[in-house]
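Please open the model in a viewer and keep the selection tool at hand. The tour begins at one residue and widens step by step to the whole chain.

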Amino acid sequence: MFAVAAVGILVSMTLALARAFLGPTVYDRILAANTFGTKTVVLLAAIGFLTGRPDWIDLSLIYALINFIGTIAALKLFEFGTLAHTRGRDRE
C-alpha cells in the first residue's frame, strides 16, 4: 500500500517540478518549489514506513522546517530585494 502511495507521490513531485520550471511568474515557481518540498517530506515518511525505519520521520520534519524557512526567505527576497531587516528605515 505504501509502495503505491510512494509512486503516486513521485508522479506528483514530477508534475510540481515541471511547474517550477515552466511557471509564468516567480511566485508560481516558488509555490511549485514549496509543493515539491512538501511532497518530499511525505515521500520520506512513506519510505520510512516502507523500510521499517520510523526515524526517517525525524528527517522529514527537519526537511519540512528547512523548506518552510527557505520559502519565506525566497518570498522576502523577491518582494523586498534583500533579506536584511529594513523595518523602521527609510526606503529609497
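This is a predicted model: local features need pLDDT of at least 70, side-chain atom pairs count only at pLDDT 80 or more; totals for chains, interfaces and linings use all residues.

Is Asn67 buried or exposed? Its relative accessibility is 14%, below the 20% cut-off, and therefore Asn67 counts as buried.

Next, display the surroundings of Asn67. Leaving aside residues up to four places away in sequence, the contacts of Asn67 are Ala33, Asn34, Gly37 and Thr38.

Now select helix α2, residues 26–51, together with α3. Two packed helices are described by the angle between their axes and the distance between the axes. For this pair, the axes come within 8 Å and the crossing angle is roughly 175 degrees. Because angles over 145 degrees count as roughly antiparallel, α2 is roughly antiparallel to α3. Colour the contact of α2 with α3 by residue class: 16 residues are nonpolar, 8 are polar and 1 is charged.

Finally, select the entire protein chain. Its secondary structure consists of 3 helices and 0 strands, in the order α-α-α from the N terminus. Along the principal axes, the C-alpha atoms occupy a box of roughly 55 × 30 × 10 Å. The radius of gyration is 17 Å, whereas a compact globule of 92 residues would have a value near 12 Å.

Of the 92 residues, 18% count as buried. Among contacts between residues at least 6 apart in sequence, 46% join residues at least 24 apart.

Conventions
Residues are numbered from 1 along each chain as its sequence is written. Side-chain values use heavy atoms; hydrogens and water are left out. Buried means under 20% relative accessible area, exposed over 50%, partly exposed in between (1.4 Å probe, protein chains only). Contact means heavy atoms within 4.5 Å. Axes are lines fitted to C-alpha atoms, for helices over the stretch in contact, and angles run from 0 to 180 degrees between N-to-C directions. Helices (H or I, at least four residues) and strands (E, at least two) are DSSP runs, numbered from the N terminus. Angles under 35 degrees count as roughly parallel, over 145 as roughly antiparallel, 65 to 115 as roughly perpendicular and the rest as oblique. Ala, Val, Leu, Ile, Met, Phe, Trp, Tyr, Cys and Pro count as nonpolar, Asp, Glu, Lys and Arg as charged, and the others, Gly among them, as polar. The radius of gyration is taken over C-alpha atoms; the globule rule is 2.2 Å times the number of residues to the power 0.38.
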